[in-house]
Amino acid sequence: MSAQRSPSDLNIGGRLREIRLARRLSQRELARQSGVTNALISQIEQNHSSPSVASLKRILDAVPMSLAEFFSDSDGSGDPSKVFFSASELREINPLKIFHKGTDIKGISLRQVGDSSERRIQMMHETYPPGADTGAELYAHEAEEAGIVVSGRIEVTVGSETRELKAGDGYIFDSRIPHRFHNRSDAACIIVSACTPPSF
């Protein structure tokens, strides 16, 4: 099994530059295709700016590449026939460094079953500690997603609709609609979710 990068150890700017050059894209071309400014691409690559989830998703969608692939050491050579995974084999893909500064994201965990680049579905075990928030800026990606709250409570915003879900409640929506997860309670929230096609 390939090693997984720790988001805190990842040089986001260097990684983005490596990916851009491998695709033979100029900063200007990547900016044009992703709908962000050339200055933002430059600032990210020099590690002078930490992009939001929404901004990084826009940039990676232009490549195209999922957040899971961006934060992974996987070269896509994982064993696609592997069926069972122990808890210790779930792959941490949480991009802690790209959430907005000033939001309380400490402890958020998104643990993926297997290598999503080898599958048509992405299955995750998500943990949101008390106060955790994916950021004031809603994010979106090309997929559909669904989940069931296993324990605790979570406030989910999808477009203009917001609902607090408790254990046993679920959700399903078009991930292209901007969305956000926020744990306003004093206990951790655990969710089991699926996303297809894999895009986070």
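Two strands count as paired here if DSSP finds at least two bridges between them. With that in hand, let us walk through this predicted model, starting from one pair of facing residues.

Ile148 stands opposite Gly170, a residue of β7.

**The β5-β6 hairpin**

Another antiparallel pairing links β5 and β6, this time over six bridges. Within it, Glu155 has Glu164 of β6 as its bridge partner. The hairpin leaves two residues between its strands, and Gly159 adopts a positive phi near 65° there. Ser160 is also found in the loop between β5 and β6. Is Ser160 buried or exposed? Ser160 counts as exposed because its relative accessibility is 78%, and the cut-off for exposed is over 50%. Ser160 also has an interesting relation to His179: the two are 19 residues apart in sequence, while their C-alpha atoms are 9.0 Å apart in space.

**A pocket that brings these strands together**

The second largest pocket has a volume of about 160 Å³. Which elements give two or more residues to its lining? They are β5 (153-158), β6 (161-166) and β7, and β7 gives the most, with four residues. The lining consists of Val156, Val158, Glu161, Arg163, Leu165, Gly170, Tyr171, Ile172 and Phe173. Sorted by class, that makes six nonpolar, one polar and two charged residues.

**Backbone features to check**

In general, most residues other than glycine have a negative phi, and most peptide bonds are trans.

| Site | Backbone feature | Location |
|---|---|---|
| Arg24 | positive phi of about 60° | loop between α1 (12-22) and α2 (27-34) |
| Asn47 | positive phi of about 60° | loop between α3 (38-45) and α4 |
| Val63 to Pro64 | cis, omega near -10° | Pro64 in the loop between α4 (53-61) and α5 (67-70) |
| Thr196 to Pro197 | cis, omega about -10° | Pro197 in the segment after β9 (189-196) |

Asn47 counts as partly exposed, because its relative accessibility is 43%.

**The chain as a whole**

Stepping back, the protein chain contains five helices and nine strands. Along the sequence they follow the pattern α-α-α-α-α-β-β-β-β-β-β-β-β-β. Of the 200 residues in the chain, 45% are buried. Among the contacts with a separation of 6 or more, 69% are between residues 24 or more positions apart. As for the surface, the chain exposes about 10000 Å², and carbon and sulfur atoms supply 51% of that area.

How values were computed:
Residues numbered from 1 in each chain as written. Predicted model: local features only at pLDDT ≥ 70, side-chain atom pairs only at ≥ 80, totals over all residues. Heavy atoms only, no water. 1 Å grid on protein atoms, 1.4 Å probe; cavity = no way out; pocket = protein on both sides within 12 Å on 5 of 7 lines; lining within 4 Å. Points joined across faces, edges and corners; volume = space filled by probe spheres on them. Nonpolar A, V, L, I, M, F, W, Y, C, P; charged D, E, K, R; others polar. Buried < 20%, exposed > 50% of the residue type's maximum accessible area, 1.4 Å probe, protein only. Contact = heavy atoms within 4.5 Å. Areas by Shrake-Rupley, 256 points an atom, 1.4 Å probe, with all protein chains shown as cover.
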